[in-house]
Amino acid sequence: MLYVIGLGLGDEKDITLRGLEAVKKCEKVFMEAYTSLLSFGLSDDGIATLENLYGKPITIADREMVEEKADEILSDARASDVAFLVVGDPFGATTHSDLVVRARELGIGVKVVHNASVMNAIGICGLQLYRYGETVSIPFFTDVWRPDSFYEKIMKNRELGLHTLCLLDIRVKEPSWESLSRGKKKYEPPRYMTINTAIEQLLEVVQKLGGSAYDEDTDCVGFARVGSEDQVIVAGPMKELLSVDFGLPLHCLVITGKTHPLEEEMLNTYRLNTNNDSNQKDDGSV
């Protein structure tokens, strides 16, 4: 049996009871580590905390293993119970759907244990979840690669009055272009896009395309470490969020569409000039 188990968004305590029971009875445990991370990242102490809770070792499954060596995971699942752990909910990334399809094609039983994900946790800012359009991903720009395909999706959402969730790039164990050109993989240091970088890139694209989907005065909501004890949520125009230090990863950004008065009331509690600081760090500071 292959168990695909959501871990939630914060730390080791966010796994469900059903998920924990499943992990404890599995012989092997893999943890996907490139679409998202728990609050402690991939630190030795953090992984050790999980291993102590589960009572068994964890194999970190990076992008290469999941996308190119999934047969190894599925081979183990043929003979025993295997847990595949996913930060957030199991189906927050298409890669995990592919793993489930391949398992079923091989006659391997699959059980899924759901959990909270960024897709619904962003509801904490007050923007109603059914008023969101298509989610977009913002990749890191490079000197030679500055994609802008996400702009059209944001524009369509805004034309319909819908909010847009922007998922920001995470690069963990990614081979450098230079090493690939030489035929020998050398991995870059981990990088996590900040809200500030995302806004800079968004504004660069709208200026390059001469579009009007958004500008520096467009209202947005920045989220850092959503679901964790020290989460930070700040609402305001892009130009204001550029100056906010959101702290450690992971970050995401929402570009607001047309807002209902109730949504506005909730957003106002997260603005920088509000007297209600509960939206920011637990100590009340930004």
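How are helix 7 and helix 9 oriented to each other? They are roughly perpendicular to each other. That label covers angles of 65 to 115 degrees; under 35 counts as roughly parallel, over 145 as roughly antiparallel, and the rest as oblique. The answer comes from a predicted model, in which local features need pLDDT of at least 70, side-chain atom pairs count only at pLDDT 80 or more, and totals for chains, interfaces and linings use all residues. Residues are numbered from 1 along each chain as its sequence is written, and side-chain values use heavy atoms, with hydrogens and water left out.

Confidence comes next. pLDDT is the predictor's confidence in each residue, from 0 to 100. The protein chain has a mean pLDDT of 89, and 89% of its residues reach 70 or more. Residues 282-286 fall below 50, and this stretch has nine contacts in the model beyond near neighbours in sequence. A contact means heavy atoms within 4.5 Å. Where pLDDT is low, the predicted coordinates should not be read in detail.

Helices (H or I, at least four residues) and strands (E, at least two) are DSSP runs, numbered from the N terminus. Five strands form this open sheet in the order 3-2-4-1-5, with parallel pairing. Two strands pair if DSSP finds at least two bridges between them. Strand 3 (59-61) and strand 5 (110-113) are at the edges; each has a single partner strand, so one side of each is left without a neighbour in the sheet. Strand 1 (residues 2-6) pairs with strand 4 (residues 82-86) in the parallel sense, over five bridges. Here Val4 has Phe84 of strand 4 as its bridge partner.

Helix 4 lies across strand 1, strand 2 (28-32) and strand 4, and runs at about 135° to strand 4. Angles run from 0 to 180 degrees between N-to-C directions, and axes are lines fitted to C-alpha atoms, for helices over the stretch in contact. Helix 4 (residues 70-79) also packs with helix 5 (residues 94-105), at an angle of about 50° and with axes 11 Å apart. Ala70, Asp71 and Leu74 of helix 4 make the contact with Leu99, Arg102 and Ala103 of helix 5. These residues divide into four nonpolar, no polar and two charged. Ala, Val, Leu, Ile, Met, Phe, Trp, Tyr, Cys and Pro count as nonpolar, Asp, Glu, Lys and Arg as charged, and the others, Gly among them, as polar.

Another open sheet has five strands in the order 6-7-12-10-11, and its pairing is mixed. Its edges are strand 6 (136-138) and strand 11 (232-237); each has a single partner strand, so one side of each is left without a neighbour in the sheet. Strand 10 (residues 219-224) and strand 11 pair in the antiparallel sense over six bridges. Cys220 stands opposite Gly236 in strand 11. Helix 7 (residues 149-159) packs on this sheet and touches strand 6, strand 7 (164-168) and strand 12 (251-255).

That leads back to the opening pair. The axes of helix 7 and helix 9 (residues 195-209) come within 10 Å and cross at roughly 85°. Phe150, Tyr151 and Ile154 in helix 7 meet Leu202, Val205, Val206 and Leu209 in helix 9. This contact has seven nonpolar, no polar and no charged residues.

Two loops complete the tour. Arg225 lies in the loop between strand 10 and strand 11. Its phi is near 55°, a positive value in a residue other than glycine. Leu250 lies in the loop between helix 10 (238-241) and strand 12. A cis peptide bond joins Pro249 and Leu250, with omega about 5°.
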